[in-house]
Amino acid sequence: MGGIQILYDGQCPFCSAYVTMTRLRAAVGEVELIDARCDHPLVREAQAAGYDLDKGMLARFRGRDHFGADCVHLLSTLSSREGLANRMMSIVLGRRVMARCLYPVLRFGRNMTLRVLGRRPIGGRKPTG
């Protein structure tokens with residue numbers, strides 16, 4: 001299938017845990033996890049295309065970009081159902097409507113966690129709710 005590239009916030013404990021927890025290799029082949037805080041060509045491409053990486057993860061799969069809620073929805077549908085956490089994520093975020101409803105809550109939790117940990121957002125600004 002050509003694999004998948006995933007841009008995520010490497011300093012966010014939730015983002016890091018989520019992308020390492022998903023079991024995608026069996027479904028898509030190669031999985032390239034890219035910290036959105038590093039100098040990587042896809043990070044520069046995403047920013048040039050107008051994606052605000054403080055507002056969402058980005059997955060590039062089959063030549064198409066999936067951002068924010070659509071990204072976690074995609075990852076949930078592609079991920080293995082092995083393990084309780086993966087099954088639960090598949091049930092909740094595997095439904096596009098649920099992913100879109102919950103994603104702002106997940107992003108708020110990320111921003112608050114970064115603030116508590118004293119970490120700056122990817123764009124360098126102070127996090128907002």
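Helices (at least four residues) and strands (at least two) are DSSP runs, numbered from the N terminus. On this basis the protein, a predicted model, contains 6 helices and 4 strands. Read along the sequence, the elements follow the pattern β-α-α-β-α-β-β-α-α-α. The chain has 129 residues, and 40% of them count as buried.

The strands come together in one description. They form an open sheet of 4 strands in the order β2-β1-β3-β4. The pairing in this sheet is mixed. Its edge strands are β2 and β4 (64-67), each of which pairs on one side only. From one strand to the next, the twist averages 20°. In general, strands of a sheet pair through backbone hydrogen bonds, and they do so either parallel or antiparallel.

Strand β1 shows both kinds of pairing. β1 and β2 run parallel and are joined by 5 bridges. β1 and β3 run antiparallel and are joined by 4 bridges. Q5 stands opposite E32 in β2. Q5 also has a bridge partner in β3, namely R60. For I6, the bridge partner in β3 is A59. β1 is mostly covered, with 4 of its 5 residues buried.

Helix α4 is also mostly covered. Of its 10 residues, 8 are buried. These buried residues are A69, C71, V72, H73, L74, L75, S76 and L78. Helix α4 spans residues 69-78 and contains D70. D70 is not in the buried group, because its relative accessible area is 23% and buried means under 20%.

Salt bridges were counted next. The count comes to 8. One of them joins D9 and R37, whose closest N and O atoms are 2.6 Å apart. This pair links distant parts of the chain. D9 lies in the loop between β1 (4-8) and α1, whereas R37 lies in the loop between β2 (31-35) and α3 (41-48). The two residues are 28 residues apart. D9 is buried, with a relative accessible area of 3%. R37 is partly exposed, at 25%.

A salt bridge also forms between R110 and D54, with the closest N and O atoms 3.2 Å apart. R110 lies in helix α6, and D54 lies in the loop between α3 and β3 (58-61), so the pair ties together parts that are 56 residues apart in sequence. Both partners are covered. R110 is buried, with a relative accessible area of 6%. D54 is buried as well, with a value of 8%. The residues D9, R37, D54 and R110 are linked in a network of salt bridges.

Another salt bridge involves R100 and D70, whose side chains meet at 3.0 Å, N to O. This pair, too, links distant parts of the chain. R100 belongs to helix α6 and D70 to helix α4, and they are 30 residues apart. R100 is partly exposed, with a relative accessible area of 47%. D70 is partly exposed too, with an area of 23%.

The elements that give two or more residues to the lining are α1 (13-21), α5 (84-93) and α6 (96-117). The largest share comes from α6, which supplies 6 residues. By residue type, the lining divides into 14 nonpolar, 2 polar and 5 charged residues.

Technical notes. Residues numbered from 1 in each chain as written. Predicted model: local features only at pLDDT ≥ 70, side-chain atom pairs only at ≥ 80, totals over all residues. Heavy atoms only, no water. Nonpolar A, V, L, I, M, F, W, Y, C, P; charged D, E, K, R; others polar. Salt bridge = Lys/Arg side-chain N within 4 Å of Asp/Glu carboxyl O. Buried < 20%, exposed > 50% of the residue type's maximum accessible area, 1.4 Å probe, protein only. Pairing = 2+ DSSP bridges. Axes fitted to C-alpha atoms, helices over the stretch in contact; angles between N-to-C directions.
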